[in-house]
Amino acid sequence: MMMTGTLLWLLPLFPLIAFVLILLFTYKKHALSHTIAIIGAGLAWLVSMVVFYQAVTHSGGPLMTSALNWLPTGETFLRIGVQLDALSAVTLFFVAWTILMIFIYSVGYHNFGAKRGVDDQPGLPPHGALIKDKNGHKHHVPSVEPMYGRFFALISLFAAAMYLLVVSNNLLTLYVGWEIMGLCSYLLIGFWYGKPSARAAAVKAFLTTRVGDVFMLLGLAALYTLSGTLEYQATLANPLMMAQLAATTSPVFGLSWAGLIGLLLFIGVVGKSAQFPLHIWLPDAMEGPTPVSAMIHAATMVSAGVYLAIRFFPLVSAGWEPGMALNPTMTVMAAIGAGTALFAATIAVAQNDIKRVLAYSTISQLGYMIAAIGIGAYTAAVFHLVTHAFFKALLFLGSGSVIHGMEHGVLHTGEHIDPQDMWQMGGLRRKMPATFWTFLAGGLALSGFPLITAGFWSKDEILTGAFGGGQLVIFGVLALAALLTAFYTMRQITLTFLGQPRTRAAEHAHESKPVMTIPLIILSIFAIGAGWAGIPEAFPGLGGLIPNWFGGFVGGMVHFEHHAETHSLVPLLTSLAVSLGGLLLGWLVYRRAGTVDPLERALGPVHTLLKNKYWVDEIYAVLFIRPARWLADVLVSDWIDRRGLDGILHGIARAGLWLGRLVRQGFDVPVVNGAGDGLANGTRSMGALLRRIQTGRVQDYMLLALLLAIVAGVLVIVL
Amino acid sequence: MTPMQITFILIAALTLVSAVMAVTARRMMHAALWLIATLMGVAMIFATLQASFFAVVQVMVYVGAIAILILFAIMLTRRSTLEADQASLGRGWIINALAAVGVFAALVTAVWAWPAADTALTELSRDAEQLAGLGQIIADPNGYAVPFEVSSVLLVAVLVGAIYLAVERKPQHGGRQ
Amino acid sequence: MIPMSWYLIAAAALFCIGLFGVLSRRNAVGILIGVELMLNAVNINLLTFWHYQIQVNAEPPFNALVFTAIVFIVAAAETAIGLALIINAYRQRSTIVANDLNLLKG
């Protein structure tokens, strides 16, 4: 058995090597590219499973680290290394599974093996190829993605970055992985770079997360300055350090240093995990291919944000015990988390694009997790992170399958409809059964359908934590958000799969290939079953039947989770009510929906508000983008650069020219030229003057000679 | 005023007037003739100086040869001086006159500055001239034989040169003019 | 009886007239006439001093006579050559107006 330390180092390496190999060698070869990528992801998955097993069976607290000296900093070294503890073990588990499933799914999503479309350009989504079947009929079928190799290279890099982030034992390499993921999300959201909307979305994603990252970097710097190291063991897992940071006050808002650093790091999380006010990039990120959406929004990137938040939980909760009032940073986290959860859920109700609903749903669920951390429900947050990854990845991949089916229908019928618009779908249950059932599983998990879905257990635990901790406002908000979640999920399922097909394209949709549906099935197993590993003991009936392995395992990370909470029935009943009630409402409202959303009329102007996402993007455009544009275009580019700097430069040039002209006309031409020309002209005029003596007439010469002789004679006589 | 002096004044006046006429005559023939008159006057002056040999030589060489030569040259170069109305003197002749006057003034001043200039020239004895002596001395190698020979060489050179210059060249065969 | 200065002044006057003629005459032959006058004036001077020398010294100065003879010779030679040149120039340029013979004009 290899040392865990070595295995951990290897984890990011496999996808990284896959990235390099694909980039350098197999770019053009489709089969080879995806093979290398899947081997990379597969090896990483294998090692993750081995490591997870080791972590689980390791006695005496799961902690294995391995570090090495990296940067010499004066007397000491900045050390980087890998670490395996309960949190990173469970994170590795779901990351490995979801990444592998997404990779396999992508092979089918990008139509591997299909013909290359004749109009297909790299940079634009493929739009079908013409083939002739054996009867000579021409069919439009989906064509293979022209940038196949590029896709697999980029998602391999993405996977490498996520693994790096998860296995690192210090905040620095976490930040490195964080930033690499930011880069990859930019590249992948803008994968189809020929589309202007994709390019804009990529830039938006990058810049919005960048805003958060700046504050995060400030927090890292502050932590490093105060504690001299960024390693988890020395800082976040060190109770003494945490207590000290909680005791000293920072100059900002009177927060303690722990609170301030926590707040700064939290802003980074807000950016990465798309919480209000930095949530705007996530819905636009749907411009990328669906596996990318699944990866970014379920398995990796947004999960990384929550992972970080969970990591620095000791920092924000330093000095806090369950039962106390929340300290300022925790209040901020809980407020933003719960608020975003409700905010996004309301928007999701009015969205018509199948992927957009899921995007807002992700924002909402992330809000749940952050709210959970904010109120101190550590284990609940981790639990929800894990289960959410599975069912959200499932839902996204399922939606990708639906879109694929719809695109096939569009190509077949030649209709010009948006294959992602739910109002063009309907009745796909019959056409795409595997997709339907797996999507249903995921949707029920998202809604928190009781008992048989993982989502129920994790969501219930959050609500319990909120209620039990006395945060009744948070509890209420989260419960309302859960109701809306169930509602819009059922809305989505009803519109897409149930009822009758609304368009001919929907009629002609057909099920996706096994390479796409098998990952769906695998993920749905987790979506259903993952919850059973964490049934709390206090649960009426089932509690205690299956030991709460998850609670025990992860609960060891924080020192106050060991006592079992009393389980009041209120949160349980509430979660049952909201989830079942929401599902029922959604089904009732939409089961006979034609082409018009009944909610539109019912909500009236509120619906417009929701559909336009509360006009947040527009507000930002006015508040930030236009001033920034103005600053760049007008102030800096025009006034400062062109008129100011260029003006100065032109002024200098003109001054130089003026000086040159001055010298030239004042001195060079009159004096120097003048002297030279004067000399020449003088000589010439002198010559012209004297030339008159040379008349050529002998008598004149004689006269001259005579005169001069007279003069000489006079002189001789006189002198 | 002795008769000799009056004679001399007359002769000098004749000579000078003729000289002026020779220099200012409009038509060259007249100028040449006036020149002959001047030369005769000069011969007379030689005679008053009792340089009788040279008086004769003057007449023979100057009048007899040189003046004739000048007449021939005038006759040969007639065409360009067909002009009774063309001026004989060039432009700005006043300046030349002034210059000449200046020279004259200078010479006169030089003469009067010499105290011995006023000595009267008396009549010499008959054998003062000693022509035989002249003849001997120009043949005497210790005397003036060399200048004599050189001058004869000069004359030969002049002769050859003048012939060469004056000969009209015939156009060559082939018409190279 | 005649003071020497008379002869010398007469010679000087003749010389100056000849000089004037040399400087002013348009016709080339006229210039030569002026030259002749000058040479004659020189001869007068020479013979005047010869007479004076005999009068003052006992010894007759033969160099004066030789000099005079040489002047004669040279005058003749120069006239011959000068006239040959003028005739040649006349042939080339059909003019003997001195002003027109100005190829040396600078």
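**Reading a predicted model of chain A**

Me: Which residues does A:Leu631 touch, not counting those up to four places away in sequence?

Reply: In this predicted model, A:Leu631 touches A:Val636 and A:Ser637 once residues up to four places away are set aside, and A:Leu631 itself is found in helix α26, which covers residues 616-691 of chain A.

Me: What makes A:Leu631 count as buried, exposed or partly exposed?

Reply: The relative accessible area of A:Leu631 is 41%, and since buried means under 20% and exposed means over 50%, this value falls in between, so A:Leu631 is called partly exposed. For chain A as a whole, 54% of its 719 residues count as buried.

Me: Why are α17(A) and α21(A) called roughly parallel?

Reply: Helix α17 (residues 433-447) and helix α21 (residues 514-529) of chain A pack at an angle of about 30 degrees, with their axes 9 Å apart. Because angles under 35 degrees count as roughly parallel, α17(A) is described as roughly parallel to α21(A), and their crossing is left-handed.

Me: What makes up the contact of α17(A) with α21(A), by class?

Reply: On α17(A) the contact is made by A:Ala434, A:Thr435, A:Thr438, A:Ala441 and A:Ala445, while the residues on α21(A) include A:Leu520, A:Ile521 and A:Ser524. Ala, Leu and Ile count as nonpolar, and in total the contact has 7 nonpolar, 4 polar and no charged residues.

Key. Residues numbered from 1 in each chain as written. Chains lettered and ligands numbered in written order. Predicted model: local features only at pLDDT ≥ 70, side-chain atom pairs only at ≥ 80, totals over all residues. Heavy atoms only, no water. Helix = DSSP H or I, 4+ residues; strand = E, 2+ residues; numbered from the N terminus. Buried < 20%, exposed > 50% of the residue type's maximum accessible area, 1.4 Å probe, protein only. Contact = heavy atoms within 4.5 Å. Axes fitted to C-alpha atoms, helices over the stretch in contact; angles between N-to-C directions. Parallel < 35°, antiparallel > 145°, perpendicular 65-115°, else oblique. Left-handed = near helix turned anticlockwise from the far one by under 90°.
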